[in-house]
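Please read it with the structure open.

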Amino acid sequence: MGQRKKFPVAGFILVILGCLMVLVPVYWMIITSFKPAPETFRNPPTLWPESFTLDAYRKVITDYSFGDFFGNSVIVVVGSTLLTILVATMAGFGASRFRFKGKGAFLGFVLVTQMFPSVIMLIPYFRILKLYGLINTHLGLIIVYISFQVPLCTWLMYSYFETIPKDLDSAAAIDGLNNWGIFRKIALPLSLPGIASTSIYAFINSWNEFQFAMVLTTTEDMKTVSVGIGQMIDDTMINWNDMMAASILASIPLILVFLFCQNLFFEGLTAGGVKQ
Amino acid sequence: MKGMIKHKGDLHQNRLGYAFTSPAFFVLVLMVVYPLIYGIVISFFDTNLVNKFDFVGLKYYKRLIVDGTFYASLGRTVVFTFFTVLGRAVLAILFANLLVMKNMPCKTLFRSILVLPWFFPDVVVGILWKWLYNANYGLFNFILRSLGLIDAPVEWLSNSSTAMWAVIMVAIWKGFPFMMVMLLAALQTISKDLYEAAELDGCGIFQRFLHVTLPGIMPVLSTTLMLEVMWCFKHFTLIWNLTKGGPVDATQVVSIDIYNTAFQYMRFGESSTRAVFVFVIIIVLTVLQKKMKRKED
């Protein structure tokens with residue numbers, strides 16, 4: 001027994017090494033973004049900026065359409081996430097609370113869609129959106145992102161509703177609430193943590209998406225952040241300090257999630273998966 | 001009478017079930033299945049998607065099977081997927097177990113640090129590592145040279161023998177937190193009594209891991225592994241932003257191959273054929289995995 005109280009030296013060292021593995025690249029990104037351009041071409045590199053400057057941030061925001069990229073991403077990601085959550089919450093509730101014909105098939109199919117390599121839909125979406133004049137529009141990208149997010153979000157919401165006891169529904173039904181009322185007044189408030197973490201999941205994925213946004217936007221002013229900075233790097237005028245500043249700016253929404261909703265996110269994400 | 005009520009209830013249940021799931025069903029059919037079928041149809045056509053739609057039947061499928069170029073992309077995808085998932089699993093299992101250790105200090109802080117890579121967009125991670133790998137001014141070469149491990153700077157991403165490994169390293173770094181978080185949750189459901197019992201029986205750390213931990217996390221581990229394999233198999237963004245599939249085609253996995261065939265060479269039909277082929281492979285793999293799982297149970 002005495003052995004168990006001992007400080008886990010080897011384990012502690014491994015964890016510290018793991019943290020370094022994560023933090024060193026992030027540190028490098030941050031300090032590079034504050035260096036003036038010539039200092040990034042120093043060999044050996046300076047491990048702390050000799051002179052701090054915000055030039056890189058200024059250049060990225062004023063010389064490139066970073067504001068446009070960011071705005072497009074916000075519109076597309078928020079729009080698609082809201083619609084996805086509406087659809088997925090209803091479907092998750094329906095599948096968790098009612099026995100209906102084809103329910104098993106529905107849930108199975110939701111999971112099967114995860115197997116589709118998304119690239120198989122790249123050409124069809126390109127063609128279909130072109131046909132309906134939706135290429136290079138926010139609506140077009142929103143539609144595509146909804147199709148990506150609805151299946152897994154439906155599954156996450158279904159798993160979450162399964163963890164909420166069904167007795168509450170019956171109690172509410174006895175109190176005279178109809179099913180829509182039960183959904184709105186009982187299930188929805190109770191599932192808020194699940195909804196929050198599913199929204200965050202959809203938000204992160206959509207903010208990350210690159211390939212479809214690259215194909216389905218054609219003009220500079222419609223590009224999302226991912227596509228925008230992905231192409232910035234091909235510009236010969238751009239330096240590494242600029243690229244790192246752009247990278248940090250592009251990560252802001254996800255870093256905010258990391259800082260303020262991390263625990264909520266992980267609890268909701270793992271709740272359904274583990275308790276099954 | 002009783003039966004009738006039950007019957008009526010079933011109808012009610014049916015109607016409500018359909019009402020709540022119909023929007024999702026609508027999305028799945030119209031926005032997932034329809035494009036999917038469209039993609040399969042295109043694979044039988046020689047088309048520029050504008051005015052040329054020539055039916056060519058199985059021509060592209062025959063070419064795919066006879067001509068070996070796509071197999072190379074497929075092979076690279078298997079290498080990428082295997083080592084990326086393996087690396088992620090090793091790191092995830094290691095750190096998840098360390099973070100649930102009884103006397104580990106600052107657990108929350110360490111977990112927050114270790115999940116950090118997950119909260120950077122793929123494109124950002126790609127760009128960041130391209131900078132870290134930079135031959136002349138990158139941190140990676142600087143560290144290795146300071147440690148005396150290499151004499152001259154190495155062009156990690158433009159050397160065809162190192163590019164794939166460099167890309168895999170990045171994919172592991174970016175992806176291990178997801179599995180770690182899932183395993184952390186699973187580990188917390190294992191009863192402490194089991195560990196104590198194992199310890200009383202004289203099991204060492206390794207045996208405890210083998211007989212208590214592993215069975216306890218198995219359901220979550222196998223599900224996340226399967227998800228990881230499917231995600232890695234179709235992964236595009238990190239590789240594209242690091243190497244664009246190069247040098248030459250050293251890191252050209254199927255997703256990049258399919259993208260290039262369509263949008264660089266404008267061979268949309270042939271590109272669709274390749275996508276359908278990958279789709280079939282993933283289905284076969286899933287069916288095999290299900291069968292194996294059933295046998296285990």
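1. Two residues are in contact here if their C-beta atoms, placed from the backbone, lie within 7 Å. Helices (H or I, at least four residues) and strands (E, at least two) are DSSP runs, numbered from the N terminus. On those terms, B:Val254, B:Asp257, B:Ile258, B:Thr261 and B:Ala262 of α11(B) meet B:Phe268, B:Glu270, B:Ser271, B:Arg274, B:Ala275 and B:Val278 of α12(B). By class, the residues of this contact are six nonpolar, two polar and three charged; Ala, Val, Leu, Ile, Met, Phe, Trp, Tyr, Cys and Pro count as nonpolar, Asp, Glu, Lys and Arg as charged, and the others, Gly among them, as polar.

2. The model is predicted: local features need pLDDT of at least 70 and side-chain atom pairs count only at pLDDT 80 or more, while totals for chains, interfaces and linings use all residues. Residues are numbered from 1 along each chain as its sequence is written, and chains are lettered from A and ligands numbered from 1 in the order in which they are written.

3. Geometry of the helix pair in point 1. Helix α11 (residues 254-263) and helix α12 (residues 268-296) of chain B pack at about 160°, and their axes are 7 Å apart. Axes are lines fitted to C-alpha atoms, for helices over the stretch in contact, and angles run from 0 to 180 degrees between N-to-C directions. The two helices are therefore roughly antiparallel (under 35 degrees counts as roughly parallel, over 145 as roughly antiparallel, 65 to 115 as roughly perpendicular and the rest as oblique). The crossing of α11(B) and α12(B) is left-handed, a term used if the near helix is turned anticlockwise from the far one by less than a right angle, with right-handed used if clockwise.

4. How many of the ten residues of α11(B) are buried? Eight of the ten are, so α11(B) is largely enclosed by the rest of the structure. A residue is buried if 20 or more other C-beta atoms lie within 10 Å of its own, exposed if 12 or fewer, and partly exposed in between, with C-beta atoms placed from the backbone. The buried residues of α11(B) are B:Val254, B:Ser255, B:Ile256, B:Asp257, B:Ile258, B:Tyr259, B:Thr261 and B:Ala262. Their cover includes α6 (122-131) of chain A, together with α3 (69-99), α10 (237-243) and α12 of chain B.

5. The contact between the chains takes 82 residues from chain A and 73 residues from chain B. On the chain B side, helix α1 (residues 2-42) gives the largest share, 19 residues. That side of chain B divides into 55 nonpolar, 15 polar and three charged residues.

6. B:Phe20 lies in helix α1 of chain B. B:Phe20 is buried, with 23 other C-beta atoms within 10 Å. Apart from neighbours within four places in sequence, B:Phe20 is in contact with A:Met90, A:Ala91, A:Phe93 and A:Gly94. The C-alpha atoms of B:Phe20 and B:Val220 are separated by 29 Å, the two residues being 200 residues apart along the chain.

7. The domain assignment of chain B gives domain 1 (2-42) and domain 2 (59-296); the bounds come from an automatic or database domain assignment. The centres of these two domains, taken over C-alpha atoms, are separated by 35 Å.

8. The axes of helix α13 (residues 240-260) of chain A and helix α5 (residues 122-132) of chain B come within 10 Å and cross at roughly 155°. That makes α13(A) roughly antiparallel to α5(B), and their crossing is left-handed. A:Trp240, A:Met243, A:Met244, A:Ser247, A:Ala250 and A:Ser251 in α13(A) meet B:Val124, B:Ile127, B:Leu128 and B:Trp131 in α5(B). The residues of this contact are eight nonpolar, two polar and no charged.

9. Backbone points to inspect. Most residues other than glycine have a negative phi, and most peptide bonds are trans. A cis peptide bond joins A:Asn43 and A:Pro44, with omega about 5°; A:Pro44 lies in the loop between α2 (37-40) and α3 (55-63) of chain A. The bond from B:Gly246 to B:Pro247 is cis, with omega near -5°. B:Val248 has a positive phi, near 50°, lies in the loop between α10 and α11 of chain B, and is exposed, with 10 other C-beta atoms within 10 Å.
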